[in-house]
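Okay, thanks for coming, everyone.

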Amino acid sequence: GEGGEAYLFAMSGYASGTQSHSYFPSSNQGSVPFSNTKGMSASDLASANSLAGVGIFFQQDSESNEVFVKTIVHGGSAERSGVIRVNDVVVRVDHESVEGQLLSSLRSRILGPQGSSVTLGFRRKEGLETTYYDVPLMRGSPEYFDSLKANQPLQDEIERLRRANSQLESQRARDAAELQRYRSHMEQQREDFDRKYLAMDEALAAKELEIVRLSAEVNRMMAHRREAETIKGDLDQLKATYQDDHRMMDEKEALRSQYVDELKRRHEDEKGRLESAIKRYEIESAGLRREKVEGELREGRLAEELKRRIDDEKNRKQHDAETRARFEAERRRLHEAQRINETVGVLLREMEPKITNIETDLFVRDKLSFTSGGASVSQSGGYFSGAPISKRLSGGSEPPRRDDGSFFMA
């Protein structure tokens, strides 16, 4: 065929030259016949006459490079085996892989001396199932096998022994491969065991070091625990002491609050009493001021009256005695008013120190109580700020004083 396909007619009769034509693979054409042996050297003829095949036409696929059975020659060794089928793919020659090799390489492996043996391995695909098998074959032409019929029993025995030997060789090769695989597996297992053993030794040593470290850590933690328990005992004592101090502080705070409340109550009472006294004093002062004003008015009227009387004295000499009597009466009243006025002044001067002492006492108490309660009252913003209350009540005139200089309130 065209396109890289090639045939190998590996028959002993054709390869040895007992027939008139022989077929071998060609790189350009499928099969090239050699009709005679003219031009061939003696060594080439001897080599060609000594080679024989197994009675199979092989063909190589141009795409997959698989070499498969195209035709089985009647009477050849392949047909006599009864195992090989058309389209079986050759994969091994004498237990060596030949997959992907060219037909020229297979030809040199399959052809051999007539009567010698070769073992071919095939792959057969039937549906989804793929099987592999080996077949021992004897090289030779159909005529060679016919010539062996006279000695058929002996040849059969030889062939059986050869096949058995080939099978034993195949089994030995498989056993050797299995033994090698087992040895490799055992060597790998031994290496794995050695690695695991070394790893276990290292892990054991690391564990021992870890145990020593953990023991030291446990001892250190126990020492820390004892120290922590000691500190905890000290802290418990400090806590108890703090609780006692806190309880005493609470009691003191309660007493202080009671004292402050009592001071506030007293302050409010004193404040109310003083405010009442001040109001009463202001009322009395207002009355005294009114009396003073009235006295001054009366004095003015009396002065006018006196002037008028003096002016009229010349004209009213006849009434001089009566006028003098009335004048003396009015003078006495004036003197009485002045005496009252002086008395009021003395009273105001006597009351000023007391009022000042009261203001100072109130200011000190207010400051103490409001400072304890979170508030304070300044002197300028208190109840008595600015000028003394005596001056504010008397309109600037000082109250009367006693001979000893102290104020008094009537």
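Let's start at R190, which is partly exposed, with a relative accessible area of 43%. By "partly exposed" I mean between buried, under 20% relative accessible area, and exposed, over 50%, using a 1.4 Å probe and protein chains only. Before I go on: this is a predicted model, so local features need pLDDT of at least 70 and side-chain atom pairs count only at pLDDT 80 or more, while totals for chains, interfaces and linings use all residues. Residues are numbered from 1 along each chain as its sequence is written, and side-chain values use heavy atoms, with hydrogens and water left out.

So, which residue does R190 pair with in a salt bridge? That's E187, with the closest N and O atoms 2.5 Å apart. A salt bridge here is a side-chain nitrogen of Lys or Arg within 4 Å of a carboxyl oxygen of Asp or Glu. E187 is partly exposed too, at 34%. Helices are DSSP runs of H or I, at least four residues, and strands are runs of E, at least two, numbered from the N terminus.

You'll find that spacing again further along. R247 and D244 are also three residues apart in α6, and their salt bridge has its closest N and O atoms at 2.8 Å. Then there's E262 with R265, at 2.1 Å, N to O. E262 is partly exposed at 26%, and R265 at 43%. Shared partners join E262, R265, R266 and D269 into one salt-bridge network. The structure as a whole holds 26 salt bridges.

Now the inside. The largest nonpolar core has 19 residues, and I56, F58, I84, L120 and F122 touch the most other members. A core, for us, is a set of buried Ala, Val, Leu, Ile, Met, Phe, Trp, Tyr and Cys residues joined through side-chain atoms within 4.5 Å. Elements giving two or more residues to this core include β5 (56–60), α4 (103–110) and β10 (117–126). Apart from that lies another core, of five residues, among them Y281, L348, M351 and I355.

Last stop, the surface. L179, Y182 and M186 make a nonpolar patch of about 270 Å². Patch residues have over 30% relative accessible area and no salt bridge; nonpolar side chains are joined within 5 Å, like charges within 9 Å. Y182 lies in α6, residues 152–313, and is partly exposed at 45%.

Note on methods. Areas by Shrake-Rupley, 256 points an atom, 1.4 Å probe, with all protein chains shown as cover.
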